[in-house]
Amino acid sequence: MHKGSIRSPLTWAVHLSVLFLVVLWTLPTAGLFISALRDKNQIVASGWWTGLSTSTQNAMYRAPGADKQVEENGTYVISGNVFEGGKGVVMAFGSSSQDPAAYEAGATAELKDGEKLSVAENGDFRISSPKAFEGSRGQRIFYTAGIPPRFTLENYRTVLTAEGIGKSFLNSLTVAVPSTIIPILVAAFAAYALAWMKFPGRAIILAVIVGLLVVPLQMSLIPLLRMYNSVGAFFGVPSKTYLGIWLAHMGFGLPLAIYLLRNYIAGLPREIMESARVDGASDFTIFMKIVLPLSYPALASFAIFQFLWTWNDLLVAMVFLGTGDNELVLTGRLVNLLGSRGGKWEILTASAFITIIVPLLVFFTLQRYLVRGLLAGSVKGG
């Protein structure tokens, strides 16, 4: 047996640590995916890890009103099924919220005025009375039932068919794509200048850029908006425009972009730059023909992070774009779907998967260019 075929304890520890981290990061995503496909009542009743098992739920069903009663040999009857076409097994039932499990399934409960209520295990109920029922509101039936796992696309259907969801999707694309491309273009030129061009004050500019990395976004929003409004008023430009949010995202993303790209570009082989200068190439030619193709890994990495931030952003979009139906981005629209008090939170999981579709496409697309850039930047040994 070769000595190299025996793995050391350190190697096993590294592998187990990586496996643990992968599982740790995958579990929340798996939980979101399972919850997005579950029935909303089951989401409330039990966790996603019980999605494949029968769950116990306490529920209330209101029987039909007097217009659905049927006379049977002098007795008035209202019947139906508490599951309304669904499946389950009733274990107990009751006629009051104070004692919802007063009777076992199949028993008969005595109600007021001689009325009787019985609920079978399959959910069939029967309310009988010696005199005709009155009123449009039927009897409330409280029951405890075991509900088998039920998966549905109703949560996705609710989100995708919501009014204005298509417009908000286009708004998010209109915001995210230019807000990713513009900072990359500006930062790439600035990073090359700071890395390879000699001019006075270069170190000071780089120090200022590093300092801007620690400025909180929330602290600079209002001053930036006031300054933009003043400039817009001077030139007669509205404040709530796509141009405003593009400039805002560019301003917030440039410090990190310049810092990352400058460090990467400064590490490129000096021999290539000197050879290009000997051949008479200008700085612009060196940047376009040499630096830019070799910088694909750094450009793709920043593009992924910048797109994820601008796509999922809500605060900057609300401040610089607005909250109207025509300006609302996808994240804002999904927040509105949840309701002011989060009453429809069961669609949150479906909304999460809908919002990550585009970022996933961007990630896998740029990952291909990132690998290509790594190969293009490799240098063969002599």
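How are α4 and α9 oriented to each other, and why? The points below begin with this pair; the model under review is predicted.

1. Orientation of α4 and α9. The angle between α4 and helix α9, which spans residues 283-294, is about 115°, and their axes lie 11 Å apart. Because angles of 65 to 115 degrees count as roughly perpendicular, α4 and α9 are therefore described as roughly perpendicular to each other. The crossing in which α4 passes α9 is right-handed.

2. Residues joining α4 and α9. On the α4 side the contact is formed by Ala188, Phe189 and Tyr192, and on the α9 side by Asp283, Phe284, Ile286, Phe287 and Val291. By class, this contact of α4 with α9 comprises 7 nonpolar residues, no polar residues and 1 charged residue.

3. Packing of α4 against α7. The axes of α4 and α7 come within 6 Å and cross at roughly 40°. The two helices, α4 and α7, are therefore oblique to each other. Here too the handedness may be stated: α4 passes α7 in a right-handed crossing. The residues of the contact of α4 with α7 fall into 23 nonpolar, 4 polar and 1 charged.

4. Packing of α7 against α10. Helix α7 covers residues 242-266 and packs on α10 at an angle of about 160°, the axes being 10 Å apart. Since angles over 145 degrees count as roughly antiparallel, α7 and α10 are therefore roughly antiparallel to each other. The passage of α7 across α10 is a right-handed crossing.

5. Residues joining α7 and α10. From α7 the contact draws on His249, Phe252, Gly253, Ala257, Leu261 and Tyr264, while α10 contributes Pro297, Ala298, Leu299, Phe302, Gln306, Trp309 and Thr310. These residues of the contact of α7 with α10 divide into 9 nonpolar and 4 polar, with no charged residue.

6. How many cavities of 30 Å³ or more does a search of the whole structure find? The search returns 1 cavity of 30 Å³ or more. The largest cavity holds about 40 Å³ of space. Two or more residues of its lining come from each of α4 (165-196) and α10 (296-312).

7. Lining of the cavity. The residues that line the largest cavity are Ser172, Val175, His249, Thr310, Trp311, Asp313, Ala317 and Val329. By class, the lining of the largest cavity has 4 nonpolar, 3 polar and 1 charged residues.

Key
Residues are numbered from 1 along each chain as its sequence is written. This is a predicted model: local features need pLDDT of at least 70, side-chain atom pairs count only at pLDDT 80 or more; totals for chains, interfaces and linings use all residues. Side-chain values use heavy atoms; hydrogens and water are left out. On a 1 Å grid over the protein atoms alone, a cavity is a set of points where a 1.4 Å probe fits but cannot get out, and a pocket is an open set with protein on both sides within 12 Å along at least five of seven lines; lining residues have an atom within 4 Å of a point. Grid points are joined across faces, edges and corners, and a volume is the space filled by probe spheres set on the points. Helices (H or I, at least four residues) and strands (E, at least two) are DSSP runs, numbered from the N terminus. Ala, Val, Leu, Ile, Met, Phe, Trp, Tyr, Cys and Pro count as nonpolar, Asp, Glu, Lys and Arg as charged, and the others, Gly among them, as polar. Axes are lines fitted to C-alpha atoms, for helices over the stretch in contact, and angles run from 0 to 180 degrees between N-to-C directions. Angles under 35 degrees count as roughly parallel, over 145 as roughly antiparallel, 65 to 115 as roughly perpendicular and the rest as oblique. A crossing is left-handed if the near helix is turned anticlockwise from the far one by less than a right angle, and right-handed if clockwise. Contact means heavy atoms within 4.5 Å.
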